Each structure stands twice: as C-alpha cells, then as structure tokens.
Amino acid sequence: MKTPEFKAARFVLMDIEGTISELFFVRQVLFPYSAERLRTYVSQHYNNPTVRDCLRQTGATTDEAAIQTLLNWIKQDVKHPALKTLQGLIWREGYEADAFRAHLYDDVLPMWREWRTEGRELGIYSSGSKAAQDLFFRYSVEGDVREYLSSHFDLSTGSKRDSESYREIAAETGYDPSEILFVSDVVEELDAAQSAGYMTALIVRNPAIFENDRAGRSCKHHVFSSLDEL
Ligand SMILES: [Mg+2]
C-alpha cells in the first residue's frame, strides 16, 4: 500500500463491476447473455425448485409474465435477488461452455498477490450473488483466482448503499471497521462504508465518465485510477 493511512488495512473489501472488472463485461457480455438465454433456461429447468421459486418471487401469476418481468429487470438493472439467482444459474452454463471469461483488469492479480503476501485478507462485496461471484472468479481471464479471496458478500447482507451492511460485514469478518479498506467505483457505496468507520478508496477507471457524473457533487474519498496506486 502506497497510501500511508491504508497501511493499517488488514482486510481489503472490493466491489467487482467498474472496480476490478470493466463495466463492459457485465453490461455487454453477461447481461445480454442472461437475457438471451432466460426463456430457454426456464423451459429446460422448469421443475427445478430454485427456478420455480425465482419465478414466484417476481409476483407474476404466469410463467410468461414472470419471464417478461425478469427481462425488464435485466434491462433496467434491477438488483432483485430472484433475478440475481437466475442469472447465476444461466451464467454457470455460459462459463462452463466457455462462452466467455470474466474480465479482470491487469493490475488486479499482481496487487492481490502483493496484499496477500503482506498478510492482508481480501473479500468481495458485489450485487452479483455469491454463486455468481464464485463463477466469476473461477472462470476469469486469469484462470481460477478464488484462492486469493477469503470472503464473499452479496445483497443478502443488505444494500451496498446502507452503512448497516458494512457494519455487518465487519462483524462477520472479525475485523474492526477501522481495519477494513473498501474499494469501489461508486461514491454512494463508499459514503456508506465510511459512515460505518471503514477506510475508502474510489477507483475511477474512466475519468471522462467520472467527471461528468461527479459534476456539482463533493467527494470525500481518495481517488485512484487502478489498484496499484493504492
Ligand atoms: Mg461497481
């Protein structure tokens, strides 16, 4: 860690999309794949209790209506647990068929190695389900990198914009919030983590988009363009 105050970080919690993996992969590869495959997947796994449960959770009265609801949620990036679970199942088929591999920025693995060597633990907090995270890191462009990560959190812990979620994560990892560094590309998530007592680092992979998005708002976080600057 180059930033003096981050040297105290014993646990580095990271977001995936836009932080360690390019937005393109999730938005232009994973989401369209799940939308394309959804109908076929549901019909092929019609009796799977998990699939039935996900369809029921949409609140729709027919399977067709449930599928339409789910397709709309994909379009609108609604982070509903039923959709996340179904997407995880569909992506498993894609990964196993080698239809795609999860993207990781070049700086990610070298820094994970360095931080692990320094005795820091690494974890993930993503809106993608734990099952989807497991697939993501198992089938990455760098191969199976799951060994670097000691814990995974998803929306079952709560919203990424709610500071209570970060308190719960700290309690589960056994570290004091002041020993945890949260790394994300979303200011609101970092605000919530900071309120819970975490150290925070904002990753800006695309400065043009960030400056546009940031206009008129203040940012209380250290800003970096890649993990190796931390
Ligand atoms: Mg993100």
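Colleague: How many salt bridges does the rule find across the interface of domain 1 and domain 2?
Modeller: One, going by this predicted model.

Colleague: What makes Arg27 and Glu17 a salt bridge?
Modeller: Their closest N and O atoms are 2.8 Å apart. The cut-off is within 4 Å for a side-chain nitrogen of Lys or Arg and a carboxyl oxygen of Asp or Glu, so the pair qualifies.

Colleague: Which other residue meets the side chain of Arg27 in a salt bridge?
Modeller: Asp77, at 3.7 Å from N to O. That's also within 4 Å, so the name holds here too. This pair links distant parts of the chain: Arg27 is in helix α1, while Asp77 is in the loop between α3 and α4, 50 residues apart. Overall, the structure holds 18 salt bridges.

Colleague: Back to the domains, then. How much area do domain 1 and domain 2 bury between them?
Modeller: About 1,100 Å², with 66% of it on carbon and sulfur atoms. Glu17 turns up again: together with Leu135 and Tyr139, Glu17 supplies 45% of the area that domain 1 buries against domain 2, more than any other three residues. By contact, 12 residues of domain 1 touch 10 of domain 2.

Colleague: And the helices: why is α1 called roughly antiparallel to α3?
Modeller: Their axes come within 10 Å and cross at roughly 175 degrees. Angles over 145 count as roughly antiparallel, so α1 and α3 get that label.

Colleague: Which residues of α1 and α3 make the contact?
Modeller: On α1, they're Phe31, Ser34, Ala35, Leu38, Arg39 and Val42; on α3, Glu64, Ile67, Gln68, Leu70, Leu71 and Ile74. By class, that's eight nonpolar, two polar and two charged residues.

Note on methods: Residues numbered from 1 in each chain as written. Predicted model: local features only at pLDDT ≥ 70, side-chain atom pairs only at ≥ 80, totals over all residues. Heavy atoms only, no water. Axes fitted to C-alpha atoms, helices over the stretch in contact; angles between N-to-C directions. Helix = DSSP H or I, 4+ residues; strand = E, 2+ residues; numbered from the N terminus. Parallel < 35°, antiparallel > 145°, perpendicular 65-115°, else oblique. Contact = heavy atoms within 4.5 Å. Nonpolar A, V, L, I, M, F, W, Y, C, P; charged D, E, K, R; others polar. Buried area = accessible area lost by both parts, 1.4 Å probe.
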